[in-house]
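Here's a quick briefing to read with the model open in your viewer. Have a look at the fold first, then come back for the details.

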Amino acid sequence: MINVVKIGGNVIDDPAALEKFIEDFAALPGDKILVHGGGKEATRMSREMGIEATMIEGRRVTDARTLEIVTMVYAGLINKRIVSLLQKHGCNAVGLTGADGNVIPATRRPAVPVDYGFVGDIDPARVSDRFISTLIGGGYVPVFCAINHDGAGTLLNCNADSVAAAVAVGAARVAPVRLTFCFEKAGVMTDLDDENSVIPHITAESFADLKERGIVAKGMIPKIHNALQAAEQGVTEVRICSSSALNSDRGTIITLQ
């Protein structure tokens, strides 16, 4: 079993929470892969540089200047911070973008109906399971950020949840995969202020209903969408939970039916 874990949300910006998560992740037995976001840090950095972030349905519009900023933040600052913490906890991590080893090729999203700029979409079939297998076989723990490439010299910003789902599908061609999305909340909740309102199980049908009623909105939409796609393409188990619940069975399980 390969554990593919995505960490994001406010945990990235909270040193104590991140340290605890990294310790728990390093303690996971067997083969593992980490995918991280960092949108809040990128938004903060953009604002300091006088650039306001533009989001549409939880996805960042990325012009040329924003691409420079997110590349510096995701592939540089956050990625290396996480890798160094993993090394501290005895986890031999290696930080990567999708351009490294051509592991995650992406295609720039069409400008119609919405021009997201330098934003990429990923076909999980193109994820290099050979490269992933080589790293894992060599005893390394891959740590992927959300920066990928188009194969023609252009970097592309991709949704980190989409990266995690695509990597999980690619890794599933190597071994069975458990995909876990971790953030600061206890799972998918009907009331964001009530930790006891976690929805234990979401299917494709119930997701459509929750989205229509506005219970699931903004960044949770692509997260569940990617979870369902991963389940559809061979990932054994998908869960959304708090970063503090990584080594438990708490949270929201996502299945097709």
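This is a predicted model: local features need pLDDT of at least 70, side-chain atom pairs count only at pLDDT 80 or more; totals for chains, interfaces and linings use all residues.

What follows goes from the sheet to a pocket and then to single residues.

Residues are numbered from 1 along each chain as its sequence is written, and side-chain values use heavy atoms, with hydrogens and water left out.

- Eight strands make an open sheet in the order 5-8-2-1-11-13-14-12, with mixed pairing; strands, like helices, are DSSP runs numbered from the N terminus (at least two residues of E for a strand, at least four of H or I for a helix).
- Strand 5 (93-96) and strand 12 (201-202) are the edges, each pairing on one side only; two strands pair if DSSP finds at least two bridges between them.
- Strand 1 (residues 2-7) is mostly covered, with six of its six residues buried; buried means under 20% relative accessible area, exposed means over 50%, and partly exposed is in between (1.4 Å probe, protein chains only).
- Ile-2, Val-4 and Lys-6 point one way from strand 1, while Asn-3, Val-5 and Ile-7 point the other way, and all are buried.
- Strand 1 runs parallel to strand 2 (residues 31-36), and six bridges pair them; Lys-6 has Val-35 as its bridge partner in strand 2.
- Strand 11 (residues 177-183) and strand 13 also run parallel, joined by six bridges, with Phe-181 opposite Ile-240 of strand 13.

**The second largest pocket**

- The second largest pocket has a volume of about 240 Å³.
- Here a pocket is an open set of points on a 1 Å grid over the protein atoms alone, with protein on both sides within 12 Å along at least five of seven lines, and lining residues have an atom within 4 Å of a point.
- Grid points are joined across faces, edges and corners, and the volume is the space filled by probe spheres set on the points.
- This pocket is lined by 17 residues, and the closest to its centre are Asp-121, Ile-122, Ser-162, Asn-226 and Gln-229.
- Strand 7 (120-121), helix 5 (160-171) and helix 7 (220-232) each give at least two residues to the lining of the second largest pocket.
- Sorted by class, that lining has seven nonpolar, seven polar and three charged residues; Ala, Val, Leu, Ile, Met, Phe, Trp, Tyr, Cys and Pro count as nonpolar, Asp, Glu, Lys and Arg as charged, and the others, Gly among them, as polar.

**Two buried helix residues**

- Asn-79 sits in helix 3 (residues 64-88) and counts as buried because its relative accessibility is 1%.
- The side chain of Asn-79 makes a polar contact of 3.1 Å with the side chain of His-36, and one of its polar atoms is 3.2 Å from the backbone oxygen of Val-143.
- A polar contact is a pair of N or O atoms within 3.5 Å; within protein, one must be able to donate a hydrogen and the other to accept it, and residues adjacent in sequence count only if both atoms are side-chain atoms.
- Not counting residues up to four places away in sequence, Asn-79 touches residues including Gly-95, Leu-96, Phe-144 and Cys-145; contact means heavy atoms within 4.5 Å.
- Lys-223 belongs to helix 7 and, at 7% relative accessibility, is buried.
- Neighbours within four places in sequence aside, Lys-223 is in contact with Lys-6, Asp-161, Phe-181 and Ile-240.

- Most residues other than glycine have a negative phi, and most peptide bonds are trans.
- Asn-102 has a positive phi of about 50° although it is not a glycine; Asn-102 is in the loop between strand 5 and strand 6.
- With a relative accessible area of 42%, Asn-102 is partly exposed, and beyond four places in sequence Asn-102 touches Ser-128 and His-149.
- Val-112 and Pro-113 are joined by a cis peptide bond, with omega about 5°, and Pro-113 is in the loop between strand 6 (107-108) and strand 7.
- Thr-236 lies in the loop between helix 7 and strand 13 (237-242), where it counts as exposed at 55% relative accessibility.
- Leaving aside neighbours within four places in sequence, Thr-236 is in contact with Pro-176 and Val-177.

Conventions
On a 1 Å grid over the protein atoms alone, a cavity is a set of points where a 1.4 Å probe fits but cannot get out, and a pocket is an open set with protein on both sides within 12 Å along at least five of seven lines; lining residues have an atom within 4 Å of a point.
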